[in-house]
2 protein chains.
Amino acid sequence: MRLHSAARSSASFRVRIALNLKGLPYEYVPVDLVHGGQFRDPFRGLNPAELVPVLEREGAVLTQSLAIIEYLDETYPQPPLLPHDPLERAYVRAIALAIACEIHPLNNLRVLRYLTRTLGLGEGAKDAWYRHWVEQGLAQVEGQLTAAGRCGRFVLGEAVTVADILIVPQIFNARRFDCRLDHLPTVMRIFDACMQLPAFIDAQPSRQPDMPPG
Amino acid sequence: MRLHSAARSSASFRVRIALNLKGLPYEYVPVDLVHGGQFRDPFRGLNPAELVPVLEREGAVLTQSLAIIEYLDETYPQPPLLPHDPLERAYVRAIALAIACEIHPLNNLRVLRYLTRTLGLGEGAKDAWYRHWVEQGLAQVEGQLTAAGRCGRFVLGEAVTVADILIVPQIFNARRFDCRLDHLPTVMRIFDACMQLPAFIDAQPSRQPDMPPG
């Protein structure tokens, strides 16, 4: 398997965690998002949507991190990344989607560029935008987790699921942009529990071959 | 089952289509997004994320449209909304997520309000933002569909999947905001095929009890 990835891309980070949890070795193919590698061939030929990650496996090309993680879970069932019960599956998917659909897309590189280049926003207004969606979105995740009362060490009891895989990269992003996190005791407790595990530790941006120095 | 929905909410629209395709009757509970019904109890007590749709079933509360659709598909398997093969499942999920994660979140009501109320953008700049993400995002979906060469009458051959369910509400939104669509021949052909089916016709905003007049 080949994973087209960028060190700091949180969607790439999610797939790296899933591959590590499954114990699947892969070839790391860096995509230089800062210098437009996603807009050029050969990458653009693989994914016309110009987004990382892309997973190549036996000639197949898979896109969208959540679709890739579901594929890995269906194809390599152990350890499972989703629970067995349909209601519990819906719950962990909803937490994952609350991050993938409500927080992350608003702070994508291309959105931040639109804010500064097309709308002419300064750095302060851009950072305020970033923090607004992260802080509000994660507060809503915190509210959902505490209302559901299903957390153990992780989002659902004692086993890692796709919901935990989505939380961790989002917290890395939040810290990078100095977002408030003190209103998220449950989320941060889960983050800390995940970051005890080698699958998460090894997937983090600073351990990737294309992490910028410093 | 009770579906908390808003007529024009495209995430609600997706779940209405899925319920209709499965032939599942449900009670329609309107949520008045324009006047803040999502921020008040009883709705907010159901979903602290303050977003429609919410599906209630036998005491369980489900959120996030894609998680709800996967749940319905696991619980009521006929007709299937995902293919059987894992690679094909990954493909239709990726198309669905390309809309759910890359287009729709940028044009959510709360994002448009941030643009006008917090950033002080005028209607013209707000509409340009809206059209930019819809036109670019759907062009990328078009590119993925044509590159994959898997379309028949629908996104994957001759059976409706979750990818088709995501396309239709997004086109309704695009038309409402006068977005360009002439660069999307494949997407629009699929849209037209879907809109021949009663499950899609009956789920459209104008057929809902809370559609504003006019």
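Analyst: D164(B), I167(B), V168(B) and I171(B) in helix 7 of chain B meet V187(B), I190(B), F191(B) and C194(B) in helix 8 of chain B. By type, the residues of this contact come out as 7 nonpolar, no polar and 1 charged. Keep in mind that this is a predicted model.

User: How do I describe two packed helices, and at what angle do helix 7 and helix 8 of chain B pack?

Analyst: In general, the angle between the axes and the distance between the axes describe a packed pair. Here, helix 7 (residues 162–176) and helix 8 (residues 185–194) of chain B pack at about 100°, and their axes are 9 Å apart. That makes helix 7 of chain B roughly perpendicular to helix 8 of chain B, since angles of 65 to 115 degrees count that way.

User: Now helix 1 and helix 3 of chain B: at what angle do they pack, and how far apart are their axes?

Analyst: Helix 1 (residues 10–22) and helix 3 (residues 65–75) of chain B pack at an angle of about 10°, with axes 9 Å apart. So helix 1 of chain B is roughly parallel to helix 3 of chain B. Helix 1 of chain B brings A11(B), R14(B), V15(B), A18(B), L19(B) and K22(B) to the contact, while helix 3 of chain B brings S65(B), I68(B), I69(B) and L72(B). Sorted by type, that is 7 nonpolar, 1 polar and 2 charged.

User: What about the sheet? In what order do the strands of chain B lie?

Analyst: One general idea to carry along is that side chains in a regular strand alternate between the two faces of the sheet. In chain B, 4 strands make an open sheet in the order 2-1-3-4, with mixed pairing. The edges are strand 2 (27–30) and strand 4 (60–63) of chain B, each pairing on one side only. From one strand to the next, the twist averages 20°. Strand 3 (residues 54–57) of chain B runs antiparallel to strand 4 of chain B, and 4 bridges join them. If you want a landmark there, V54(B) sits opposite T63(B) in strand 4 of chain B.

User: And in chain A, which are the edge strands?

Analyst: Chain A also has 4 strands in an open sheet, ordered 2-1-3-4, and the pairing is mixed. Strand 2 (27–30) and strand 4 of chain A are the edge strands, pairing on one side only. Ignoring direction, neighbouring strands of this sheet are turned by 20° against each other on average.

User: Which residues could I use to find my way around strand 3 of chain A?

Analyst: R2(A) stands opposite E56(A) in strand 3 of chain A, and E56(A) in turn stands opposite V61(A) in strand 4 of chain A. Strand 1 (residues 2–5) of chain A is joined to strand 3 (residues 54–57) of chain A by 3 bridges, and the two run antiparallel. Strand 3 and strand 4 (residues 60–63) of chain A are antiparallel too, with 4 bridges. Their hairpin has 2 residues between the strands, and E58(A) takes a positive phi near 50° there.

User: Where does helix 1 of chain A lie?

Analyst: Helix 1 (residues 10–22) of chain A lies across strand 1 and strand 3 of chain A, running at about 155° to strand 1 of chain A.

User: How many residues does each chain give to the contact?

Analyst: Chain B gives 33 residues and chain A gives 33 residues. On the side of chain B, strand 4, helix 3, helix 4 (86–102) and helix 6 (123–148) each give two or more residues. Helix 4 of chain B supplies the largest share, 11 residues. The side of chain B divides into 22 nonpolar, 6 polar and 5 charged.

User: Last one: what average pLDDT does chain A have?

Analyst: As a rule, where pLDDT is low, the predicted coordinates should not be read in detail. Chain A averages 96, and 100% of the residues score at least 70. For the complex, the predictor gives an ipTM of 0.97 and a pTM of 0.97.

How values were computed: Residues numbered from 1 in each chain as written. Chains lettered and ligands numbered in written order. Predicted model: local features only at pLDDT ≥ 70, side-chain atom pairs only at ≥ 80, totals over all residues. pLDDT = per-residue confidence, 0-100. Axes fitted to C-alpha atoms, helices over the stretch in contact; angles between N-to-C directions. Parallel < 35°, antiparallel > 145°, perpendicular 65-115°, else oblique. Contact = placed C-beta atoms within 7 Å. Nonpolar A, V, L, I, M, F, W, Y, C, P; charged D, E, K, R; others polar. Pairing = 2+ DSSP bridges.
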